[in-house]
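Student: Could we go through this model together? I would like to begin with the ligand.

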Amino acid sequence: MLEIDDLSVRLPHTARPAIDDVSLTVAENETVGLVGESGSGKSLTARAVLGLLPKGSRTSGEIRMDGADVLSMSPAGLRRHRAHSAAMIYQDPRAAISPFRRIGDFLTEIIREELGAKAARARAVELLGMVGLPEPERHVRQYPHELSGGMLQRVVIAAALAGEPRLMLADEPTTALDVTTQAEIVRLLRDLRARTRTGMLFITHDLELASMICDRVYVMYAGRIMETGPTRRLFARPRHPYTSGLLAATPRVSDLGTLPPAIPGRPPDLLSAPPGCRFAPRCEHVMDSCTAAVPPLVDGVACVKAEL
Ligand SMILES: Nc1ncnc2c1ncn2[C@@H]1O[C@H](COP(=O)(O)OP(=O)(O)OP(=O)(O)O)[C@@H](O)[C@H]1O
């Protein structure tokens, strides 16, 4: 359904591409994780899928949604694409909804023209029911400040579903919520996928969360895919030192009182381009050949050591 081929995106005044030769697919009814530390290029990848890259970006490669080339779509084509083929769920629901608009108006924004006011309102009530809100008839008349963060995130998900998109792009959809609400939203996304067959690209820095919901995972670092594979295999037997490092650094409640080992150092910013493997400066297994050339992704892993 979604096919990204060798996508590179370079932002103005930077030393290396923010997205560097990324290939990624999402099939119908599949949930795919895009995981990595802050600044690795996850959000930018989602924005590229929506045709929403920052001005002045230089792009190469291809993004196809059901065969249609996203990067060459007209403005009208892109509007249709964002409503009906790929819809975004953002991290912070309070930032996504204007505080001055009623929930019903927000929800019917993209369908009002097509359906007319009355049918759009009925659809808004139906959508709020779909995402498990208790009193849809009342909620459509309410303003955002009258709902909790978790309820508002359900509204944002309902809005994403309004145009019956084929694909949902969920960018850290639970990060702004407390843990109990996080679990509820993850459950909702899982249920919706079973009911609607919508594919999902689930973006997160949280590996545990990815393991709960994703069929496959791509691990991204400094704009490149370091490793990819089925979730279960990736977590049981990580092959890239970065994936192992991320897994080891994930805190677990059972390890009470001990801090997990963090990966030393920080990811490179866009003004530096370490030669060869981008992760080499932080890698405990680094060898001379690591800095000689960028290791290609072979058989799901981009690491010289994994090929030995
Ligand atoms: N509009 C923009 N202008 C300039 N630089 C940008 C812009 N958007 C993203 N970047 C830069 O591109 C890189 C990738 O950012 P991106 O937001 O995709 O990372 P991320 O993995 O989603 O991280 P986070 O979890 O912090 O959002 C970062 O270095 C970021 O500073």
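Tutor: A residue counts as near a molecule if its C-beta atom, placed from the backbone, lies within 6 Å of it. This is a predicted model, in which local features need pLDDT of at least 70, side-chain atom pairs count only at pLDDT 80 or more, and totals for chains, interfaces and linings use all residues. Residues are numbered from 1 along each chain as its sequence is written.

Student: Which of the 14 residues around the ligand come nearest?

Tutor: Ser38, Lys42, Ser43, Leu44 and Pro54 come nearest.

Student: Next, helix H2; which of its residues are buried?

Tutor: In H2 (residues 75–85), the buried ones are His81, Arg82 and Ser85. Buried means that 20 or more other C-beta atoms lie within 10 Å of the residue's own, exposed means 12 or fewer, and partly exposed is in between, with C-beta atoms placed from the backbone. Helices (H or I, at least four residues) and strands (E, at least two) are DSSP runs, numbered from the N terminus.

Student: And what is on the other side of H2?

Tutor: Pro75 and Ala76 are there, and they are exposed.

Student: Changing topic, what is the phi of Glu164?

Tutor: Its phi is near 45°, a positive value in a residue other than glycine. Glu164 sits in the loop between helix H8 (149–161) and E7, and is exposed, with 12 other C-beta atoms within 10 Å.

Student: Where is Arg197?

Tutor: Arg197 lies in the loop between helix H9 (179–196) and strand E8 (199–204). Its phi is near 60°, again positive in a residue other than glycine.
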